[in-house]
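Have the sequence and the 3D view open side by side.

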Amino acid sequence: MGQTLQVPIREVYLTSGQTRKLKLGQSEVLVKHAPRWMPALGARPAGATVRALAWIGP
């Protein structure tokens with residue numbers, strides 16, 4: 001039937017600049033504005049936890 005359950009992945013990167021979408025070949029990358037403190041802890045587990053709590057909200 002040609003149907004699949006796979007969902008295309010859209011990569012999202014945080015920046016202190018403006019939000020914008022970039023096309024790289026067939027894929028689309030979202031560069032999203034975030035406060036300066038969000039990417040401060042980088043790729044460490046603590047950074048991922050802080051960002052997750054911030055996106056969830058109060």
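**Starting from a tryptophan**

Trp55 sits in helix 1. Keep in mind as you look that this is a predicted model. Is Trp55 buried, exposed or something in between? With a relative accessible area of 48%, Trp55 comes out as partly exposed, because the exposed class starts only over 50%. Leaving aside residues up to four places away in sequence, the residues that Trp55 touches are Leu14, Lys32 and Met38.

Helix 1 covers residues 45–56, which is 12 residues. Just past the end of helix 1 comes Gly57, with a positive phi of about 95 degrees.

At the other end of the range, Pro45 also belongs to helix 1. Pro45 has 66% relative accessibility, so Pro45 counts as exposed.

Leu41 has 33% relative accessibility, so Leu41 counts as partly exposed. If you want a distance to check, take Leu41 and Arg51: they are 10 residues apart along the chain, with 9.3 Å between their C-alpha atoms.

Over to the strands, then. Thr15 is part of strand 1, and its relative accessibility is 19%, so Thr15 counts as buried, the cut-off being under 20%. Beyond residues up to four places away in sequence, Thr15 touches Val31, Lys32, His33 and Ala34. Lys32 is a name you have met already, as one of the residues touched by Trp55. The side chain of Thr15 also has a polar atom 3.1 Å from the backbone nitrogen of Gly17.

Time to zoom out to the whole chain. Its elements are 1 helix and 3 strands, and along the sequence they run β-β-β-α. How does the radius of gyration of the protein chain relate to that of a compact globule of 58 residues? The globule would be near 10 Å, but this chain has 15 Å. The C-alpha trace, laid along its principal axes, spans about 45 × 25 × 20 Å.

What about burial and contacts overall? Buried residues make up 14% of the 58 in the chain. Among contacts with a separation of 6 or more, 6% are between residues 24 or more positions apart. The chain exposes about 5,200 Å², and 60% of that is supplied by carbon and sulfur atoms.

Finally, a word on confidence. The mean pLDDT of the chain is 84, and 95% of the residues reach 70 or more. Where is confidence lowest, and where is it highest? It is lowest in strand 1 (residues 11–15), with a mean of 86, and highest in strand 2 (residues 20–24), with 91.

Conventions: Residues numbered from 1 in each chain as written. Predicted model: local features only at pLDDT ≥ 70, side-chain atom pairs only at ≥ 80, totals over all residues. Heavy atoms only, no water. Helix = DSSP H or I, 4+ residues; strand = E, 2+ residues; numbered from the N terminus. Expected span 1.5 Å × (residues − 1). Rg over C-alpha atoms; globule rule 2.2 N^0.38 Å. Buried < 20%, exposed > 50% of the residue type's maximum accessible area, 1.4 Å probe, protein only. Contact = heavy atoms within 4.5 Å. Areas by Shrake-Rupley, 256 points an atom, 1.4 Å probe, with all protein chains shown as cover. pLDDT = per-residue confidence, 0-100. Polar contact = N/O pair within 3.5 Å; in protein donor to acceptor, adjacent residues only side chain to side chain.
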